Amino acid sequence: MGVAGELAGWRSEFAVTERYAYLNHAAVAPLPRRTARRMRAVIDAVSELGERRWMERHEECERVRGLAAGLLGARRPDDVAFVANTTTGLSLVAEGLRWREGDNVVGVGCEFPSNVYPWLGLAGRGVEYRAAAEHDGWLDQGELESLIDSRTRVVAVSWVQYASGFRLDLERLAAACRRHGSLLVVDAIQGLGVLRLDVAAAGIDACAAAVHKWLLGPEGLALLWLSDRLVEQLEPKLRGWASMAHWADWQRLEIDWTAGARRLESGTANVAAIHGLGASLELLAEVGAERVERRAVELAERAAARLEQRGWQPVGRRDGQTLPSAIVAARHPRHDADEVAARLRRRGVVVASRGGRVRVAPHFYNSEEEIDRLAAELPA
């Protein structure tokens, strides 16, 4: 039995398949059935019982933190914080560092705004933002690394670019950061959950990712992982009872930070979302990280080939030089990407338009037939 056959049983977890060929996981993923059930159970319990099972809900959140740490390759659950979204995670890092006038941040010019505005906002403190250019979806990693110098405090990049699917070599970039004494801050939202990542082995210092894309979780929740090196340099800008080692002793009013990234959690968590994430992480673990990645990448490659056959040109790809991702973005010399994406949606094939390109983003449960249906509906 091939990978497709092995995964067919999990397709029933996704109610969206009954209506659409859903190929837009780089935007918002449909919730698995088990995730929706888990969230409804929390809501029903609070509705019926109020705070009577608060500790049980808290303990489940800590269990989910452990699952998230395992997915990331974190050494300790405390190294992972639950935050509202990717932007919040990156902003907590940007605002928590002690900047000096003349410092700089290096990024790329095609980033999603979440990984630009936190750094542009430092201009008033004398911090320069430098960006490497995109070349038709391609990023020259050597060009990016050439912008790093002795005053580069942070290199802030997306692991996978949202508008092209281009994937950076994080280990190589981390080595360049180490040579200059810079911190590597990664927006992993377009890879985490579908591509395997070991944050410690990769040499990352901060990794932020909302869970509503490839992690198949609900909106309004993100993971933030911090290295020990970064935690030592970071001053939390939000302070509350949940930030403290003595979080349950509300009469002890003194600053005594809890361990790791958890100190960036200041108060009550989004409990229903965290419980839902737990169900999604369990599903991904059942399937297996290696199978999830292999299947999604295979489908993305099939989509790239079918798009080319229809006269669409995938961007950000060079033979033998491109690391795989689950996103394919393609342009056409005559057809407008916005119009084509809207037409496809009307016909039940859900994709996106980003940067003048049609973007296709399949997950492990999608089928070859859905990819072929996409190609058949595309104007040539």
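This is a predicted model: local features need pLDDT of at least 70, side-chain atom pairs count only at pLDDT 80 or more; totals for chains, interfaces and linings use all residues.
View 1. Residues are numbered from 1 along each chain as its sequence is written, and side-chain values use heavy atoms, with hydrogens and water left out. Serine 150 is placed in the loop between α6 (141–146) and β7 (152–158); helices (H or I, at least four residues) and strands (E, at least two) are DSSP runs numbered from the N terminus. Its C-alpha is 30 Å from that of arginine 75, at a sequence separation of 75 residues.

**View 2. The aromatic pair of phenylalanine 112 and tyrosine 162.** The structure holds 8 aromatic pairs (Phe, Tyr or Trp rings, the six-membered one for Trp, with centres within 6.5 Å; planes under 30 degrees apart are stacked, over 60 edge-to-face, the rest tilted). Phenylalanine 112 and tyrosine 162 pair edge-to-face, at 5.2 Å between centres and 85 degrees between planes. Phenylalanine 112 lies in the loop between β3 (104–108) and α5 (117–120) and tyrosine 162 in the loop between β7 and α7 (170–180), so the pair ties together parts 50 residues apart in sequence. Phenylalanine 112 is partly exposed, at 39%.

**View 3. The ring cluster of Phe14, Phe364 and Tyr365.** Ring pairs link these three residues. Phenylalanine 364 and tyrosine 365 form an edge-to-face pair, 5.9 Å centre to centre with 85 degrees between the planes. Phenylalanine 364 is buried, with a relative accessible area of 0%, and tyrosine 365 is buried at 2%.

Note on methods. Buried means under 20% relative accessible area, exposed over 50%, partly exposed in between (1.4 Å probe, protein chains only).
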